[in-house]
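The sequence and the model are shown first.

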Amino acid sequence: MNRGLVAPAAAEAAIFTKVAIVAALEREIRALRPALRAERRWKDGSIQAEEGSLGGIPAVLASTGDGARRAESGARDVLDRFEAQCLVILGVAGGLSPHLEAGKIVAAREVIDETGGVPPPDPLHTRRLLRRTGATPAIFVCTRSILCAAREKSEAYARLPWGTEAAATDLETAAFARAAAERGLPYVALRAISDPAEESLPLDFNALRDSEGSVDGRRVALAALARPWLVPSLWHLRTRVALCSESLARAAGAFLAGDAS
């Protein structure tokens, strides 16, 4: 990917004066980093952040660490350091509705979790996001545990209102949304499907999380060593996430780019 991914801001894009782009995992936004003209980099705990400009728009691009706790505290830290006017949430998600194939881009039209009361995505920016990216509008269901098994995803989908056409699951969108709402910031959320509804993940990643709720890479490596027949499936998942990152980078570029019309 090159720096031409995000065109110079103009026309409609003038509404974006400063943008914060966050993801839980560094690999979810890795494909977007080359497009950022970075002027300052900083790291604090699990946060990796770069400040600069993206298509002429002042921007910060940050990964916070996975899990709701790290996501919310990381987003707060990023937003306290960088006076953004909009928060853009990127990342991968599991599919809940059967027709969302791997790689499909979805945009949050509503975000829910077990507690309820998640601040909604900004409707104006979300309409722009859908128009620019061709993403499928979806309900984002944020859970405390990773839905690893196809059965768990099917059960979560069945609990949604009848007739829900598109739904995806992740851990962090609600946490990011609350951090934005605390500061009165609008947000949008864009995710790519890494594992469709009918597909179970190769490991129970919940058993490999640390006390903060993040999946521990060392535990994953040890689990793979203990069950080497799972390595191809884990590698396939990793490759999918990389492809999702590329798709998300293109979609973010389309969302932020100037509008000639």
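The face of helix 4 turned away from its buried side carries Arg151 and Ala158, which are exposed. Here, exposed means over 50% relative accessible area, buried under 20%, and partly exposed in between (1.4 Å probe, protein chains only). Helices (H or I, at least four residues) and strands (E, at least two) are DSSP runs, numbered from the N terminus.

The model is predicted: local features need pLDDT of at least 70, side-chain atom pairs count only at pLDDT 80 or more, and totals for chains, interfaces and linings use all residues. Residues are numbered from 1 along each chain as its sequence is written, and side-chain values use heavy atoms, with hydrogens and water left out.

Helix 4 spans residues 150–158, and its buried residues are Ala150, Lys153 and Ala156. They lie on the same side of helix 4 because they cover an arc of only 125° around the axis; the arc is that of the directions from the helix axis to the C-beta atoms. An α-helix has 3.6 residues a turn, so residues three or four places apart point the same way. The buried residues of helix 4 pack against strand 5 (86–95) and strand 9 (187–195); contact means heavy atoms within 4.5 Å.

Helix 5 is largely enclosed by the rest of the structure, because seven of its 10 residues are buried. These buried residues are Thr173, Ala174, Ala175, Phe176, Ala177, Ala179 and Ala180. Just after helix 5, Gly184 takes a positive phi of about 70°.

**Nonpolar cores**

A nonpolar core is a set of buried Ala, Val, Leu, Ile, Met, Phe, Trp, Tyr and Cys residues joined through side-chain atoms within 4.5 Å. The largest has 36 residues, and those with the most contacts inside it are Leu87, Ile89, Val106, Val111, Phe140, Phe176 and Tyr187. Helix 5 (residues 173–182) gives the most to this core, with six residues. Another core, of 31 residues, lies apart from it and has Ala23, Ala35, Leu36 and Ala59 among its members. Leaving out residues up to four places away in sequence, Leu87 touches Ala20, Val22, Leu79, Phe176, Ala180, Pro186, Tyr187 and Val188.

**Strand pairing**

Two strands pair if DSSP finds at least two bridges between them. The pairs are listed below.

| Strands | Sense | Bridges |
|---|---|---|
| Strand 2 and strand 3 | antiparallel | seven bridges |
| Strand 3 and strand 4 | antiparallel | seven bridges |
| Strand 6 and strand 7 | parallel | seven bridges |
| Strand 7 and strand 8 | parallel | four bridges |

Strand 3 (residues 47–54) is mostly covered, with seven of its eight residues buried. Within strand 3, Glu51 is the bridge partner of Arg40, and Glu51 also stands opposite Val60 in strand 4. The hairpin of strand 2 and strand 3 has two residues between the strands, and Gly45 takes a positive phi near 65° there. In the hairpin of strand 3 and strand 4, which has two residues between the strands, the positive phi is that of Gly55, near 60°.

Strand 7 (residues 136–142) is mostly covered as well, with six of its seven residues buried. In strand 7, Ala138 stands opposite Ala108, while Val141 has Thr169 of strand 8 as its bridge partner.

**The largest pocket**

On a 1 Å grid over the protein atoms alone, a pocket is an open set of points where a 1.4 Å probe fits, with protein on both sides within 12 Å along at least five of seven lines; lining residues have an atom within 4 Å of a point. Grid points are joined across faces, edges and corners, and a volume is the space filled by probe spheres set on the points. The largest pocket has a volume of about 1,100 Å³. It is lined by 43 residues, of which Leu25, Arg27, Asp66, Phe205 and Val215 are the closest to its centre. Helix 7 gives the most to this lining, with six residues. Among the other elements that supply at least two residues each are helix 1 (26–29) and helix 6 (217–226).

**Two buried sites**

Ala251 has its place in helix 7 and counts as buried, at 7% relative accessibility. Leaving aside neighbours within four places in sequence, Ala251 is in contact with Thr133 and Leu190.

Ser97 is found in the loop between strand 5 and strand 6 (105–113). Ser97 is buried, with a relative accessible area of 0%. Beyond its neighbours within four places in sequence, Ser97 contacts Tyr157, Glu165, Ala166, Ala167 and Ala197.
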